[in-house]
Amino acid sequence: MARMPGAKYRPVVNVRKNGCRAHRGLVLHVQAGNNSPFGWFNNPISQASSDFWVSKTGEVEQYVNTGVDYAWAQGGGNPFYASVETEGYPGEKLTDAQVKGVAKIYAWGHKEFGWPLAIVDSTTAQGLTYHGAGGSAWGGHTGCPGSLRKAQRKDIIAAAKKLLGSTPETNPKPAPSKYVPPAFPKGLSPNHAKPSAKPLQKALKATGWLANDVELSDNYGPRTQKAVAGFNKKHGLNDAGVSYDPAIGPNGWALLFTLAYG
Ligand SMILES: [Zn+2]
């Protein structure tokens, strides 16, 4: 399930279940109308829908299970990008509240799917693109969302960066293939001091999971456990088979060190 917290979830019939093939980013659209398109998207006759809609007041509605199912917004681009409709017309700029609403979606997608905080005019590159970029393969909507809203994508990304400012790994570096993380120390586990938890704590600090003022200690204590649990949750790792797992396993160790030092 990938529902965005803060969005009003209103599932529609116009959806392709389990159709998603990639999480390349988000496609910006203009509604060319006002008021929620929910009724239209929930009508099989329209053959239309989108993942999200943002009102002029910044309200966000979500219509499909984003990242698993896809909406019918942009033809050949549907399996690869999520979509957002924005209330209003191509001749109107997005309101400040709308920019913020789309930014909230983008910040969520960045954390959920790894959408890069980048503007792209592309049908293949990862980032925030626009409907018209797809030409006829994406339905020939070359005027969507129009030059005014297209240009506001930089404001959307800037606002998304602001929203993400205090979260760890905001700008993870792609690891150079040369980097080899140190071997996982056998026996490393919560509430033990042997082997030392210090290298783990240093890597957690380097990635923003552990505050810099936490004193290094051989013991794998509660602060370290909490940081590891957050890291595991973000990356879907659970080495001990429980959620919020405070234990780090070999896979998590390798990923953490690569993010920290790669
Ligand atoms: Zn469009």
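**Domains.** I looked up the separation of the two domain centres in this predicted model and found 34 Å between domain 1 and domain 2, taken over C-alpha atoms. The domain assignment puts domain 1 at 8-164 and domain 2 at 198-261.

**Zinc site.** I listed the donors of the zinc ion: His29 (ND1), His131 (ND1) and Cys144 (SG), at 2.0 to 2.3 Å. Their spacing in sequence is H-x101-H-x12-C. I placed His131 and Cys144 in the loop between strand S8 (127-130) and helix H3 (147-151), 13 residues apart. I then checked accessibility. His131 is buried, with a relative accessible area of 2%, and Cys144 is buried at 7%.

**Helix H2.** I took the span of H2, residues 96-113. Its 18 residues reach 25 Å from first C-alpha to last, close to the 26 Å expected at 1.5 Å a residue. I went through H2 for buried positions and noted several, among them Val99, Val102, Ile105, Tyr106, Trp108 and Phe113. Just after H2, I found Gly114 with a positive phi of about 75°.

**Salt bridges.** I counted seven salt bridges in the structure.

Glu61 pairs with Arg10, with the closest N and O atoms 3.1 Å apart. Glu61 sits in strand S5 (residues 60-62) and Arg10 in the loop between strands S1 (8-9) and S2 (15-16), so I logged this as a link between distant parts of the chain, 51 residues apart. Glu61 is buried at 2% relative accessible area, whereas Arg10 counts as partly exposed at 23%.

Lys56 and Glu92 meet at 3.3 Å, N to O. Lys56 lies in the loop between S4 (52-54) and S5, and Glu92 in the loop between S7 (81-86) and H2, so this pair ties together parts 36 residues apart in sequence. I have both as partly exposed: Lys56 at 29%, Glu92 at 30%. I also noted that Lys56, Glu92 and Arg149 are linked in a network of salt bridges.

Lys154 pairs with Asp155, the closest N and O atoms being 3.7 Å apart. Lys154 is exposed at 52% relative accessibility, and Asp155 is partly exposed at 33%.

**Asp245.** Asp245 is buried yet has no salt bridge; I found the nearest side chain of opposite charge, Lys233, 14 Å away. What I did find is the backbone nitrogen of Ala247, 2.8 Å from a polar atom of the Asp245 side chain.

Note on methods:
Residues numbered from 1 in each chain as written. Predicted model: local features only at pLDDT ≥ 70, side-chain atom pairs only at ≥ 80, totals over all residues. Heavy atoms only, no water. Donors = N, O, S within 2.8 Å, 3.2 Å for Na, K, Ca; no water. Helix = DSSP H or I, 4+ residues; strand = E, 2+ residues; numbered from the N terminus. Buried < 20%, exposed > 50% of the residue type's maximum accessible area, 1.4 Å probe, protein only. Expected span 1.5 Å × (residues − 1). Domains from an automatic or database assignment. Lys, Arg positive; Asp, Glu negative; His and termini not counted. Salt bridge = Lys/Arg side-chain N within 4 Å of Asp/Glu carboxyl O. Polar contact = N/O pair within 3.5 Å; in protein donor to acceptor, adjacent residues only side chain to side chain.
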